[in-house]
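Hello,

Here is the structure for you to look at. My notes follow below it.

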Amino acid sequence: MPLTTQHRAARRRLALLGVAVAACFGAAALVLPHDPAAVTRLTDLPVPVLVAGAVAAWTLLTPVMVSGTLLAAATGALLGATAGMPVALAGATLGAAAAFLVSRRLGRGPAEALAGPRAHRLRERIERRPVLSIVLARAAPGSPATLLNYAAGLTRIRLRQFVAGTVLGGAPRVLAYTALGGAAAEHALVPALAVGGLIALLGAAGVVLARRRRGAPLAV
């Protein structure tokens, strides 16, 4: 069936959004430091500056698909595990919300114009239990959180529901990787091994949860 003018316009808008995100990701990859030593050298800055910079980095870089694992580890390396964990959680939440709002503003209309019956049914299943759907998607092993932020913005889930699901489902991994980054920066072998074991347990728990919820909406 030939595409209508509305469908072509919707595809163009989604393509432009994707190109813009990819371009921003490329720019971030060029600008950001690639050497962990370059990150740890920033620890000489005042703590309030580091906190503000970390939160700003999460908020700006999460919407351009920079890995939350890397951001969490960097936050831990800069601030240490204890101080870094609440900062990383706040930054991760703000960054996810920013990506959600970008997707809601720029992508939801075109996505609805292109969605077929199957996509509508899946969206309705998710929207019936929005917080639980986001929690399960965050907890699922291998779930790409950066993509999830955009996908959730294409639904009718409210921002507060998305934020609640993001905090509940994503906090364990964000906190764990922040603690791991802090332990690695401090060359603390035993804490690093302990946190590594915790991350492995989280992955195993996610596998069990995914199997039990097979057939339920684990992603949006």
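Does L42 count as buried, partly exposed or exposed, and at what relative accessibility? L42 counts as partly exposed, because its relative accessibility is 39%. Here buried means under 20% relative accessible area, exposed over 50%, and partly exposed in between, with a 1.4 Å probe and protein chains only.

First, the ground rules. This is a predicted model, with residues numbered from 1 along each chain as its sequence is written. Local features need pLDDT of at least 70, side-chain atom pairs count only at pLDDT 80 or more, totals for chains, interfaces and linings use all residues, and side-chain values use heavy atoms, with hydrogens and water left out.

Overall layout. The chain has 10 helices and 0 strands. Helices (H or I, at least four residues) and strands (E, at least two) are DSSP runs, numbered from the N terminus. Of the 220 residues, 36% count as buried.

Surface. L42 sits in the loop between α2 (36-40) and α3 (47-61). Together with L45 and V49, L42 makes a nonpolar surface patch of about 240 Å². Like charges are joined within 9 Å, and nonpolar side chains (Val, Leu, Ile, Met, Phe, Trp, Tyr) within 5 Å. Areas come from the Shrake-Rupley method with a 1.4 Å probe; for residues, only the protein chains shown count as cover.

Core. The largest nonpolar core has 10 residues: A28, W58, L61, V64, V66, L71, A72, A88, A92 and V174. Such a core is a set of buried Ala, Val, Leu, Ile, Met, Phe, Trp, Tyr and Cys residues joined through side-chain atoms within 4.5 Å. α3 and α4 each supply at least two of its residues. The largest share, 4 residues, comes from α4.

Helix α7 (residues 130-139) is mostly covered, with 8 of its 10 residues buried. Among them are I134, V135 and L136, as well as R138.

Aromatics. There is 1 aromatic pair. Rings of Phe, Tyr and Trp (its six-membered ring) pair if their centres lie within 6.5 Å; planes under 30 degrees apart count as stacked, over 60 as edge-to-face and the rest as tilted. The rings of F100 and F162 are stacked, because their centres are 4.6 Å apart and their planes lie at 20 degrees. F100 is in α4 (residues 68-106) and F162 in α9, so the pair ties together parts 62 residues apart in sequence. Both F100 and F162 are buried.

Helix α9 (residues 159-185) also has a kink of about 55 degrees at G170, shortly before P172. The bend at a residue is the angle between axes fitted to the seven residues ending there and the seven starting there.

Best regards

Key. Patch = residues over 30% accessible without salt bridge, like charges linked within 9 Å, V, L, I, M, F, W, Y side chains within 5 Å. Salt bridge = Lys/Arg side-chain N within 4 Å of Asp/Glu carboxyl O.
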